Amino acid sequence: MKKILPILALLTLIACQTKDPVEQKIDQLISQMTLDEKVAQMTQLAGGQITEDYENLVRAGLGSMLNNVGNEINHYQRIAVEESRLGIPMVFARDVIHGYRTIYPIPLGQAATFDLALVEEAARLTANEAIQAGIRWTFSPMVDIARDPRWGRIAEGYGEDTYLASQMGAATVRGYQGQDSIIRLAACVKHFVGYGASEGGRDYNTTWIPEVQLRETYLPPFKAAIDAGALSLMCAFNDLNGVPMSANKHLMKDILRDEWHYTGLLVSDYASSENMIKHGNCANLKEATLLSINAQMEMDMENRSYIPHLKELVNEGLVKEELIDQCVRDILRMKFRLGLFDNPYCSVEHPDYYNAESLQAAQRAAEESAVLLKNNGVLPLNAQPTVLVCGPLAHNQHDQNGTWCFDKLDSATITPLMAFRQWDKEGKIRLIEQLGKHWSREVNEQNTVQLTRLAKQADVVLYFGGEESILSGEARCRAHLDLPGDQSEQIRAIKATGKPVVLTVMAGRPLCIGADIDCVDATIYAFHGGTMQGPALANLIMGKVAPSGRLPVTFPQTVGQIPMYYNKKNSGRPTSNPVLYDDIPVGAAQFSIGADSYWLEYGDKPLYPFGYGLTYTTFEYGPVTLSDTILPFDSSPHCLIASCTITNTGNREAVAVPQLYIRDLVGSLTRPIRELKGFQRITIPAGEARTVRFELTADDLAYWHLAEGVTLGADGAYTCSAEPGEFHVWIAPNAAEGTPAKFILQD
Ligand code: GLC
């Protein structure tokens with residue numbers, strides 16, 4: 001034994017010497033901290049004012065605040081660094097969701113760009129502005145998969161598809177955090193997990209998601225963001241399969257920590273732990289605290305439960321201090337990674353907001369996020385038209401930016417009307433301006449009479465409709481998805497004058513506006529597009545830029561079809577030839593309408609499919625060719641190359657967005673009829689053709705299912721792997737078009 005001790009001592013010494021220097025500093029700090037200081041470090045309070053109470057909490061070692069900016073941050077930070085016992089800097093957070101001062105399209109709009117480089121650039125530029133205000137932690141990206149446009153928060157995520165959301169979330173994390181040793185703006189990927197499946201599209205509502213679907217649909221975007229380096233993660237409000245996420249050990253420990261080995265910081269949502277009392281899985285705040293800490297919820301956002309109860313629970317032996325130390329370690333590590341111990345303050349003297357680089361990126365993002373849904377040839381407008389610009393979103397510097405943007409200056413927003421005034425000033429158009437109404441929900445027939453009179457003087461009417469931003473985002477769920485107010489009546493009245501009408505919709509969600517679109521000559525779906533959406537839309541309408549946006553979410557014909565998404569299962573009776581409601585003779589006692597899966601009034605088709613979008617030319621997709629029709633099962637890194645030649649058959653250059661889809665014809669679990677596995681943006685000059693190539697490996701064909709011979713629900717029952725058999729592969733312009741090529745994944 002005597003011989004072993006020196007060796008052990010040497011090994012320990014080597015281990016300490018080789019331990020990451022940051023971890024060594026953390027060890028040292030934790031060894032000096034009292035339990036009170038540890039618990040304070042795990043607490044985040046909502047700022048927004050300077051009070052003596054908060055100053056005292058900061059002196060006692062408060063870990064973080066949200067919703068402070070600028071000098072208020074420096075005020076509290078100075079107290080933390082100079083007056084608290086250990087001088088641990090605070091980290092200041094804010095919901096910088098799609099821009100700080102310069103506002104980019106809402107994330108759903110950014111997803112419509114299918115442009116990862118642009119989304120990453122927007123996040124990088126957003127970080128530049130937020131950091132100047134002292135914000136070093138943003139509660140973004142939100143990667144909740146949403147298949148229900150009634151849910152107001154569909155605006156904040158990247159739509160219905162797991163692959164697209166994974167790619168977008170990772171790009172946003174890279175943009176925020178940067179690639180340097182010192183992280184610029186800490187990302188916080190949210191809301192973990194399943195929040196987008198809130199029953200009935202009603203926010204905060206219950207969710208029931210089988211583990212296989214959790215792993216297949218809802219978890220991968222979080223894993224992608226974590227693999228991109230996301231420093232933190234936020235839990236969701238919903239209860240999942242009966243357990244509120246704030247206490248969901250299976251997700252937050254078994255999967256997040258033990259399976260994914262995530263070492264980042266886990267923060268609650270705003271009072272989400274305290275909300276568990278209302279959920280009904282605990283009786284009081286102390287119980288809620290115990291449930292949260294046992295799920296390793298490391299930072300307590302405005303539950304105000306850790307400070308009063310955590311020390312008590314430790315002293316009662318119900319919580320081990322080692323667990324507290326682990327939480328504090330993850331918090332301190334984020335602060336070290338942000339460089340806050342060396343540079344805790346922000347310099348607010350010479351802010352560089354709304355700079356040319358940011359505004360250009362915001363405009364490009366707004367241009368690329370706009371989706372041309374219909375065009376009978378009226379667009380792009382020809383030279384020097386007389387245009388009537390009208391509608392509630394034509395000149396609304398607030399609503400144009402959409403939900404979750406607290407720090408913008410409305411006055412900096414350039415609206416479509418402002419942009420067309422500039423085109424008029426340059427003599428490129430003759431402008432008639434009359435909004436007709438300022439708010440989307442207004443109802444006023446007199447406005448409509450006025451618009452129809454002015455429409456007769458114009459060559460074309462540009463109607464900018466959609467939703468007020470207050471109708472979109474958190475706790476903003478709608479049971480109807482029509483254009484609010486009397487916009488539809490206005491559009492019909494204007495169209496009745498016989499003039500061409502271009503409808504542009506600026507909204508936070510898909511709307512069921514098929515009848516409105518039928519009545520007009522062209523429709524651009526632009527989402528809420530941010531600071532530069534006005535010039536962006538003018539460029540698109542006047543043809544300076546060709547539309548390139550594609551839908552990141554299925555547009556249902558009616559609310560009654562929801563949930564509706566492209567990667568649906570086939571069912572045992574897929575729709576073949578639906579006999580529709582009006583086809584059935586009235587009074588028919590017997591009439592064969594088959595036995596397929598569809599709605600009598602609408603068949604099974606959406607208004608527009610995922611991935612859909614037109615432009616100012618036409619593209620012809622050739623057949624998909626494969627480098628082989630056999631893909632060996634143990635093929636990686638061997639891959640199959642799928643290629644397709646796309647021809648621009650029109651008379652102007654434009655961007656095509658080919659999408660790669662697969663289908664697994666037979667699986668041990670039923671498989672979707674299509675799954676997005678890749679996409680590209682490619683500019684093709686008029687009359688020319690380009691060939692796009694995608695690589696497919698067996699890993700791309702893997703999916704979550706039950707492990708061999710294991711029954712549903714048994715622990716560790718799940719595996720992610722491909723199964724041999726026949727696959728179809730498309731390279732198509734959207735999820736509803738194209739002819740597949742076939743290959744065999746061979747055992
Ligand atoms: C909100 C949202 C969350 C946000 C947090 C802080 O309730 O659910 O997304 O980051 O509170 O504002």
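Visitor: How far is the polar side-chain atom of aspartate 95 from an oxygen atom of the ligand?
Guide: In this predicted model, a polar side-chain atom of aspartate 95 is placed 2.5 Å from a ligand oxygen atom.

Visitor: And what is the distance for arginine 153?
Guide: For arginine 153, a polar side-chain atom lies 2.8 Å from an oxygen atom of the ligand. Glutamate 474 also has a polar side-chain atom at 3.0 Å from a ligand oxygen.

Visitor: How much of the ligand does the protein bury?
Guide: The ligand taken alone exposes 310 Å², and the protein buries 93% of that area.

Visitor: Which residues around the ligand come nearest?
Guide: There are 13 residues around the ligand, and Asp95, Arg153, Lys190, His191 and Asp269 come nearest. The shell divides into 7 nonpolar, 1 polar and 5 charged residues.

Visitor: Turning to strand 5, is it mostly covered or mostly uncovered?
Guide: Strand 5, residues 188-192, is mostly covered, with 5 of its 5 residues buried. This strand pairs with strand 6, residues 232-235, in the parallel sense over 3 bridges. Valine 189 has leucine 233 of strand 6 as its bridge partner.

Visitor: New topic: how many aromatic pairs are there?
Guide: The count comes to 20 aromatic pairs. One of them joins phenylalanine 192 and phenylalanine 222 edge-to-face, at 5.2 Å centre to centre with 75° between the planes.

Visitor: Why does that pair tie together parts that are apart in sequence?
Guide: Phenylalanine 192 lies in strand 5 and phenylalanine 222 in helix 10, residues 220-227, so the pair ties together parts 30 residues apart in sequence.

Visitor: Are phenylalanine 192 and phenylalanine 222 buried or exposed?
Guide: Both phenylalanine 192 and phenylalanine 222 are buried.

Conventions: Residues are numbered from 1 along each chain as its sequence is written. This is a predicted model: local features need pLDDT of at least 70, side-chain atom pairs count only at pLDDT 80 or more; totals for chains, interfaces and linings use all residues. Side-chain values use heavy atoms; hydrogens and water are left out. A residue is near a molecule or strand if one of its heavy atoms lies within 4 Å of it. A polar contact is a pair of N or O atoms within 3.5 Å; within protein, one must be able to donate a hydrogen and the other to accept it, and residues adjacent in sequence count only if both atoms are side-chain atoms. Accessible areas come from the Shrake-Rupley method with a 1.4 Å probe; for residues, only the protein chains shown count as cover. Ala, Val, Leu, Ile, Met, Phe, Trp, Tyr, Cys and Pro count as nonpolar, Asp, Glu, Lys and Arg as charged, and the others, Gly among them, as polar. Buried means under 20% relative accessible area, exposed over 50%, partly exposed in between (1.4 Å probe, protein chains only). Helices (H or I, at least four residues) and strands (E, at least two) are DSSP runs, numbered from the N terminus. Two strands pair if DSSP finds at least two bridges between them. Rings of Phe, Tyr and Trp (its six-membered ring) pair if their centres lie within 6.5 Å; planes under 30 degrees apart count as stacked, over 60 as edge-to-face and the rest as tilted.
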